Number of protein chains: 2
Amino acid sequence: MPQRDVDVVVVGAGIAGLVAARDVMRGGFDVVVLEARERVGGRVLNAELPDGAPIEVGGAWVGPGQTEILDLIADLGLSLSPTHAEGRKVLDFNGRTLRYTGRIPRLNPVVLADIGYGSWRLGRLTRTLPPPGGMVDTRAAALDAQTFAAWLYRHLRTRGGREFLRFVTRAVFTTEPEDLSALWACSYLGANQGLGAFLTIEGGVLQNRIVGGSQQIALILAAQLGDRVRLNCPVTEVEWDDDSARIRLPESATLSARRAIIAVPPILSGRIRYAPPLPADRDQLIQRMPMGRVIKTNVIYDEPFWRRDGFSGQANSDRRTAATVLDNTPAAGAPGVLAVFTEGRRADLVSRLPQSDRRQQVLTDLAAYFGPAAKDPIAYIELDWAAEQYTRGCYGAFTTPSALTRFGPALRAPVGPLHWAGSETARRWTCSMNGAVESGHRAAREVTEALNAAQKPPTTQSA
Amino acid sequence: MPQRDVDVVVVGAGIAGLVAARDVMRGGFDVVVLEARERVGGRVLNAELPDGAPIEVGGAWVGPGQTEILDLIADLGLSLSPTHAEGRKVLDFNGRTLRYTGRIPRLNPVVLADIGYGSWRLGRLTRTLPPPGGMVDTRAAALDAQTFAAWLYRHLRTRGGREFLRFVTRAVFTTEPEDLSALWACSYLGANQGLGAFLTIEGGVLQNRIVGGSQQIALILAAQLGDRVRLNCPVTEVEWDDDSARIRLPESATLSARRAIIAVPPILSGRIRYAPPLPADRDQLIQRMPMGRVIKTNVIYDEPFWRRDGFSGQANSDRRTAATVLDNTPAAGAPGVLAVFTEGRRADLVSRLPQSDRRQQVLTDLAAYFGPAAKDPIAYIELDWAAEQYTRGCYGAFTTPSALTRFGPALRAPVGPLHWAGSETARRWTCSMNGAVESGHRAAREVTEALNAAQKPPTTQSA
């Protein structure tokens, strides 16, 4: 029998990989986590405010019902703070700027009724669908045969209603409704408690933040794993057979393990070279799972001046670069921070401009929402996640039409000793931090069950 | 100035890469071609018949108007033989098996009229579209916002007509009409002289074959390039800056060049690690260009028995594993060979069966078309191109909805010293051998113009 350095190797030190590694470690097995970057956290990342305090530039929010991440946060000794939501919201839609309180902006009543009916249809549908990668029945296949844009066009009757759901789609999926399968869209919404969870802060997926920034989760997990986590180790090749996986490390070393958990986004899992190669079904699936695209910008002010003027800091637009805006001020109350999201095609367009032009557009937009004080930030931190080599898009992947029907089961199905984690593989809260945690637990369970089922040999033995 | 080993490195020894390398060599520059496999040819490959004669298991046919490949074939001293097309054709459609001569099978006249009208609409549209990756105007963007299935559904009125064009789509694009953008489908058809070019052998893209098998093209080109072609050199990493590209070779050597031509399918070009990473636009595009899927099977008999019974060997089915069949008998007239194609979703399904079951299905289908003699082949050669690590699907890539609108120009736009070739990047005859040749010439032209424009230093110099 060939030498085995560890029981389990995990590729990727995002939340999914770290959770999986900790479970494996707690199960009594040796584990090593290989991370390409010089940091842990994946799509979860803290940056520094001018005063040195952390601010999230990646995934940040958690909501009620997200049991796995809430349990983890409590377990790690972290605490939550509510997202600021008091005050008027701004909706820049169809050429008009509305300021409103409550759940529903004062749109044309016919359009509102259309949106209400469309959302009801969508909710009824999404509640009964299998999770992404689940069994595709006739009804699911019919959804998968169309883009989400086609579904919206069919089920909404007014131009305003369709445009409204187009821009909500862009905010939720960070891509255009034409880009993704209606089945992915609906399964995803079902797995995330429906569209409503994205539209209101209280009770929704944006309800809470993590004090100290979400990357704390990854940093503490990594500290618990200690020197089991190796940074600056991009994995380019995995050799495998039925009962082992071997990974070439920098400096020509090789790490051998009995099982591997690949905890990177689907498209990146395909950029590793496997020997033997992955089965066609798995490869074809991940060829059809592109990442959404979002530029996240934190705009920092001395104080959250918009609160003083009765604004919540929440704004949405169907045409501006500052397309989605949230109050991202730290729990301490200062400095004032607005998190600005530029999603989908709008991100493509502004990414081609000089940074100064993009900044100018964002500040102009924020001034249009909250007044001229928005024009004088003290700091400005932007990140285009699609340009990040080891992420290549955010918030997450989606499937293109018919990919789930043709190849869905390959999303989670292990290949020999290779197991798949990452928020895209979650059955619930897909593509969220909670999804990452769920997927990490699930992959670790697969691996420990397989290792326990096999007679457990000593972790290092000679041929 | 850092050391440069060669002027130009080409990644991929398919027809595109080899043509590019030869042009570069003829332009007076040093060139090296790195090929991952132990052979040249990419999607063009000969296998051996029982008598030792070559038979094509990949791309094989050329048609009139394909100037670039026809010129190359003549230049290499190769000759053409006509595809056998005489005799009755078989159409297994909508539960009935028709045997017919001439262009048009005896379908229900209403369905025939619908197909005629739909094809006319399609032809009118495709003739006026830009090539894949060209300028997307309002009309092209509207096409790109829908799947080809949606276009077919809208423009055909009968169930039979829609189903007929569905199965024609599967044969042409080796994927389901739901999978691809209507813009890609229409641009592609426009670039390939319209749908008609795929439907009739004489005058179409299947009119001729290359005596000795299509891989001869690659083999002779490689012989002309001599030791400039290095096999068994998978490229996993390209470091680049404004005026050079460095590629790590096996055994820790590094090859340095002033320009690089990446001549592999789009999805595979994304599986190379670039330092610095590729721009987001290029990466997002190739995340949205999956490969079609086809299993090509050559079924070999002592003689082409179907000819004796008045069959052309051509058959098409909307439900059988032997979905597209052509007479692939060598020009010598024996042994008899049927080339069988199983495309798209049908390929997914049968790829999950044991090989013996697949073979059983194919032979049953061929017997249904041509009689019981089909059940006794003397040899059987099948290749699932989606399982090939260094191809990952055939005949070619396509784009998913809105990918060309958002990222189309990135298809051919060089990135620093990196240039893109491969049949998917061709402006005409996209995804054919002719497209490969065109793209190779174009990439070589880009590179030699850039090298000539710069002051040409000696090819090796020290810092």
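R406(B) and D179(A) form a salt bridge, with their closest N and O atoms 2.6 Å apart. The model is predicted. That pair sits in an interface between chain A and chain B with a count of twelve salt bridges. This briefing covers the chain interface, the domains of chain A and the annotated positions.

**Interface of chain A and chain B**

- Chain A puts 45 residues into the contact, and chain B puts in 45 residues.
- About 3700 Å² is buried between chain A and chain B. Carbon and sulfur atoms give 42% of that area.
- The interface of chain A and chain B holds 36 residue pairs in polar contact, both residues of a pair being at pLDDT 80 or more.
- On chain A, the side that touches chain B draws at least two residues from each of strand 14 (273-275), helix 11 (280-287), helix 13 and helix 15 (403-407).
- Helix 11 of chain A gives the largest share of that side, with five residues.

- R392(B) lies in the loop of chain B between strand 19 (379-384) and helix 15 (403-407).
- Relative accessibility is 2% for R392(B), so the residue counts as buried. The cut-off for buried is under 20%.
- A polar atom of the R392(B) side chain lies 2.8 Å from the backbone oxygen of L278(A).
- Within chain B, the R392(B) side chain reaches the backbone oxygen of A386(B) at 2.9 Å.

**Helix 13 of chain B**

- Helix 13 of chain B spans residues 344-351. Its buried residues are G344(B), A347(B), D348(B) and V350(B).
- The cover over these buried residues includes helix 15 of chain A.
- From chain B, the cover includes helix 6 (159-173), strand 15 (294-301), strand 18 (336-343) and helix 14 (355-370).

**Domains of chain A**

- Chain A is divided into three parts: domain 1 (4-42 + 214-278 + 415-455), domain 2 (46-86 + 204-210 + 291-384) and domain 3 (108-198).
- The C-alpha centres of domain 2 and domain 3 of chain A are 25 Å apart.
- In chain A, 13 residues of domain 2 are in contact with nine residues of domain 3.
- Domain 2 and domain 3 of chain A bury about 910 Å² between them, with 63% of it on carbon and sulfur atoms.
- V205(A), D318(A) and E343(A) supply 43% of the area that domain 2 of chain A buries against domain 3 of chain A.
- Which polar links cross between domain 2 and domain 3 of chain A? The rule finds zero salt bridges and three residue pairs in polar contact, both at pLDDT 80 or more.
- Strand 16 (311-317) and helix 13 (344-351) of chain A each supply at least two residues of the domain 2 side that touches domain 3 of chain A.

- An unreviewed UniProt entry places the feature "binding site" at E35(A), A36(A), V235(A) and E424(A). The feature "binding site" is also placed by UniProt (unreviewed entry) at F341(A).
- V235(A) sits in the loop between strand 10 (229-230) and strand 11 (237-241) of chain A. Its relative accessibility is 13%, so V235(A) counts as buried.
- Beyond its neighbours within four places in sequence, V235(A) is in contact with V11(A), L34(A), I247(A) and I272(A).
- E424(A) is in the loop between strand 20 (418-420) and helix 16 (433-453) of chain A. Buried or exposed? E424(A) counts as buried, at 1% relative accessibility.
- Not counting residues up to four places away in sequence, E424(A) touches residues including W184(A), P265(A), M289(A), G396(A), L411(A) and C431(A).
- R43(A) is also among the residues that E424(A) touches. The side chains of E424(A) and R43(A) make a polar contact at 2.9 Å.
- F341(A) is placed in strand 18 (residues 336-343) of chain A. F341(A) is buried, with a relative accessible area of 4%.
- Leaving out residues up to four places away in sequence, F341(A) touches W61(A), V294(A), I295(A), K296(A), T321(A), A322(A), A323(A), T324(A), L326(A) and Y395(A).

Terms used:
Residues are numbered from 1 along each chain as its sequence is written. Chains are lettered from A and ligands numbered from 1 in the order in which they are written. This is a predicted model: local features need pLDDT of at least 70, side-chain atom pairs count only at pLDDT 80 or more; totals for chains, interfaces and linings use all residues. Side-chain values use heavy atoms; hydrogens and water are left out. UniProt positions are given in the numbering used here, feature names are shortened, and annotations may be inferred rather than shown by experiment. Helices (H or I, at least four residues) and strands (E, at least two) are DSSP runs, numbered from the N terminus. Buried means under 20% relative accessible area, exposed over 50%, partly exposed in between (1.4 Å probe, protein chains only). Contact means heavy atoms within 4.5 Å. A polar contact is a pair of N or O atoms within 3.5 Å; within protein, one must be able to donate a hydrogen and the other to accept it, and residues adjacent in sequence count only if both atoms are side-chain atoms. Domain bounds come from an automatic or database domain assignment. Buried area is the accessible area (1.4 Å probe) that two parts lose on being put together, summed over both. A salt bridge is a side-chain nitrogen of Lys or Arg within 4 Å of a carboxyl oxygen of Asp or Glu.
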